[in-house]
Amino acid sequence: MKIVQLTDPHLVPTGTLLRGIDPEARLRACLGEIEAHHLDAAALVVSGDVTDLADRPSYELFQDVLGEFTLPPLHVTVGNHDRRSVFAEVFPDHLAADGYAHSRFRLRDHVGLLLDTWTMGTHGGAFDTVRLEWIRTQLAEGSDPVLMFMHHAPIKVGLKRLDRIALQGEDEFWDVIAPFKSRIRHMFFGHMHRNVAGSWRGIPFTVAAGLTHQVMLDFQTDIVRHVEVEPYFSIILVNDRDVVVHPHAIRDARIIDIVPDATAPPYSP
């Protein structure tokens, strides 16, 4: 099974730039690659920060651009740069009955859970009691393995500024999911603007760098320093035994075919 994770498009209105880059062009390049090469994916999961300033024109732009492409089944949540109320005006179908942008969806023999970590007044995410109970209820339903997606991670990664805006209430979140730990195969995050991987309390995780700037690897400063790199999205491959995550950079690349030469030693990249 293949899943595509796209995160942090940070859209701004058409014709404007974000720190010198064009988020709309990057989104189109990403969706173009997905349409060309990954329509066999079971899902396209967008894990938050759809817009940069939570303005309705940027959400409408996202909707319009999505409509130009043939894509796998879409699941979208919000991040700290979004505003749930404005998102809901444009994407009401991606909110649950309780008003949160969380969802449960079938991924063949797995369950996908997309969590809503958006919290008013902070760039760090959090869950209130309603969302924690929703998570508990979803995990308690059935016995299928779970793949969990969300914007904020409950993990400290050693980058001071990012660690201050990680998911708040880590212990409360853990208390809810701990009884189901054996069924949670992998957790997928955004928000950090870096490709990061590891395990949190024994659960494997990956962070996708996203479509805009990346945060520099600087363990000393409290300042978030950005660097412009190629936009990234993640290709996730899942079978009964393994979960493999490919961070994929979109770039204008020249493809070089290596033609085997029977007289030469085997080619090694």
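Analyst: Let's start with arginine 201, found in the loop between β8 and β9 (203-207). Helices (H or I, at least four residues) and strands (E, at least two) are DSSP runs, numbered from the N terminus. This is a predicted model, where local features need pLDDT of at least 70, side-chain atom pairs count only at pLDDT 80 or more, and totals for chains, interfaces and linings use all residues. Residues are numbered from 1 along each chain as its sequence is written, and side-chain values use heavy atoms, leaving out hydrogens and water.

User: Why is arginine 201 called partly exposed?

Analyst: Its relative accessible area is 31%. Buried means under 20%, exposed over 50%, and partly exposed in between (1.4 Å probe, protein chains only). The value of 31% therefore makes arginine 201 partly exposed.

User: What is the phi of arginine 201?

Analyst: It is near 50°, a positive value in a residue other than glycine. Most residues other than glycine have a negative phi. Histidine 193 also isn't a glycine, and its phi is positive too, about 55°.

User: Where is histidine 193, and why does it count as buried?

Analyst: Histidine 193 sits in the loop between β7 (184-189) and β8 (196-200). Its relative accessibility is 8%, so it is buried. A polar contact of 3.3 Å joins its side chain to that of aspartate 8; the cut-off is a pair of N or O atoms within 3.5 Å, one able to donate a hydrogen and the other to accept it within protein, and residues adjacent in sequence count only if both atoms are side-chain atoms.

User: What makes the link between aspartate 8 and threonine 7 a polar contact?

Analyst: Their side chains are joined at 2.8 Å, which is within the 3.5 Å limit. Aspartate 8 lies in the loop between β1 and α1.

User: How do you know that lysine 2 and aspartate 40 form a salt bridge?

Analyst: Their closest N and O atoms are 3.0 Å apart. A salt bridge needs a side-chain nitrogen of Lys or Arg within 4 Å of a carboxyl oxygen of Asp or Glu, so this pair qualifies. Lysine 2 is in strand β1 and aspartate 40 in the loop between α1 and β2, so the bridge ties together parts 38 residues apart in sequence. Lysine 2, at 14% relative accessible area, is buried, while aspartate 40, at 48%, is partly exposed.

User: How many salt bridges does the whole structure have?

Analyst: A search finds 14. Among them, glutamate 68 and arginine 28 have their closest N and O atoms 2.2 Å apart. Glutamate 68 is in the loop between α2 and β3 (74-77) and arginine 28 in helix α1, 40 residues apart.

User: What makes the span of helix α1 agree with expectation?

Analyst: The expected span is 1.5 Å times one less than the number of residues. For the 15 residues of α1 (residues 23-37) that gives 21 Å, and the end C-alpha atoms are 21 Å apart, so the values agree. Several of its residues are buried, including Leu27, Cys30 and Ile34.

User: What is the average pLDDT of the chain?

Analyst: The average is 92, with 93% of residues scoring at least 70. pLDDT is the predictor's confidence in each residue, from 0 to 100. Over residues 253-258, though, it is below 50.

Methods. Contact means heavy atoms within 4.5 Å.
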